[in-house]
Amino acid sequence: MALQVKINKKFSGFQLNVEFETDGGCMGILGASGCGKSMTLKCVAGIEKPDEGRIVLNGKVLFDSEKKINLPPRERHVGYLFQNYALFPTMTVEENLGIVIPGKTKNKHSLVEDMLRRFQLTGLEKRIPSQLSGGQQQRVALARMLLCAPEVILLDEPFSALDGFLKDALQTDMLAFIREFGKDVLMVSHSRDEIYKFCDHMVVIAEGKSLLNGSTRDIFKKPEKMEAAKLTGCKNISAIERISDFELYAKDWKIKLRTEKKIEDSIGYVGIRAHNLIPADQPGENVMKIRLWEVTDMPFERQILFQNAEEESLSRILMVQDKKECIPLFIQFPKKEILLLS
């Protein structure tokens, strides 16, 4: 079973039009800020109502505009982890957990105790959210979700408010949690690294529309569309002029490039990732003599920004290399690493 989403919602100056289906495990939604990622989660959870479309979870229809079905959030069995965790600020940890257990359940106390142990919150039960660290607040929010026995969990930028060291630690915990949960997880992020780390499958959203949907590894390797290439971290993209089936002219870089794959008529751009450029000793096929613009040493790598030395060009190209390597005079664009983009 899976989560199936096909929705359309209009706003002033913006339209959300997305379609995807989960395939077990964790699925990511990648997109820039304001593209409609969080709104998509709110529509799935029942917080927002689409204008039209259909949402089905494990065979149960949550929303169907044609059949006038729109289940309220409490009947959808969806767990939602908000960016700010949405804990009740005046309630203690144990009260935040206990409030989601319906009625006067006899074993409410034992259920709360079990979650406190499971999420390493024992000893914090009398504290209120403002007395907890960001990581502790996140664990309380996850524990509260599980007490609701959700069929799917929605994670809305779960690490956006955390610093680097804490983020790394919580990402390890989150990976373990997702594996243990064993049901579908839908994760929204503008971070390509988070999507790549957590999600087997992904959908790319740009300006409210779903561009690509498929295997995360496949989309990163072959993004197909210019916008998807940008979102997955490709820094070097140029408009092209098609010369032949296997040769193009990169207008922004002022260089002719031979390609491994046929250049279809729909292709309008070429891209290459910064770490796929390689040094060269002399001129040759797909080789550019470079003029340095800027060299930046990072803790574990060197970033080289350069231009074509033999052609007047304002566009700069980024290359990433090991700090131990020498800065080359020539750069090669390997055929197999060239991205053809529509």
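Predicted model: local features only at pLDDT ≥ 70, side-chain atom pairs only at ≥ 80, totals over all residues.
Arg117 and Asp114 both belong to helix 3 (residues 108-118), where they stand three residues apart, about one turn of the helix. Their side chains meet in a salt bridge with an N to O distance of 3.9 Å, and a search of the whole structure finds eight salt bridges.

**Salt bridges**

- Arg54 is partly exposed at 36% relative accessibility, while Asp64 is buried, with a relative accessible area of 6%.
- Lys335 forms a salt bridge with Glu285, in which the closest N and O atoms are 3.4 Å apart; Lys335 lies in the loop between strand 20 (330-332) and strand 21, and Glu285 in the loop between strand 16 (278-280) and strand 17, so the pair ties together parts that are 50 residues apart in sequence.
- Lys335 is partly exposed, with a relative accessible area of 34%, and Glu285 likewise counts as partly exposed, at 45% relative accessibility.

- Strand 8 (residues 152-156) is mostly covered, five of its five residues being buried.
- The cover extends to both faces of strand 8, with Val152, Leu154 and Asp156 buried on one side and Ile153 and Leu155 buried on the other.
- Strand 7 runs parallel to strand 8 and is joined to it by four bridges, and Leu155 of strand 8 is the bridge partner of Leu81.
- Strand 9 (residues 184-189) also pairs with strand 8 in the parallel sense, over five bridges, and here Asp184 in strand 9 is the bridge partner of Val152.

- Five strands form an open sheet with antiparallel pairing, in the order 14-13-12-15-21.
- Strand 14 (255-258) and strand 21 (339-341) stand at the edges of this sheet, each with a single partner strand, so one side of each is left without a neighbour in the sheet.
- On average, neighbouring strands of the sheet are turned by 40° against each other, direction ignored.
- Strand 13 (residues 247-250) pairs with strand 14 in the antiparallel sense over four bridges, and Ala250 stands opposite Ile255 in strand 14.

- Tyr85 is a residue other than glycine with a positive phi, near 75°; Tyr85 is found in the loop between strand 7 (78-81) and helix 2 (93-98), and it counts as buried because its relative accessibility is 6%.
- Glu207, although not a glycine, has a positive phi of about 50°; Glu207 is placed in the loop between strand 10 (201-206) and strand 11 (209-215), and at 68% relative accessibility it counts as exposed.

**Nonpolar surface patch**

- Leu292, Val295 and Ile327 form a nonpolar patch on the surface, and together they have about 220 Å² of accessible area.
- Leu292, one of these residues, lies in strand 17 (residues 287-297) and counts as partly exposed, at 43% relative accessibility.

Technical notes
Residues numbered from 1 in each chain as written. Heavy atoms only, no water. Helix = DSSP H or I, 4+ residues; strand = E, 2+ residues; numbered from the N terminus. Buried < 20%, exposed > 50% of the residue type's maximum accessible area, 1.4 Å probe, protein only. Pairing = 2+ DSSP bridges. Axes fitted to C-alpha atoms, helices over the stretch in contact; angles between N-to-C directions. Patch = residues over 30% accessible without salt bridge, like charges linked within 9 Å, V, L, I, M, F, W, Y side chains within 5 Å. Areas by Shrake-Rupley, 256 points an atom, 1.4 Å probe, with all protein chains shown as cover. Salt bridge = Lys/Arg side-chain N within 4 Å of Asp/Glu carboxyl O.
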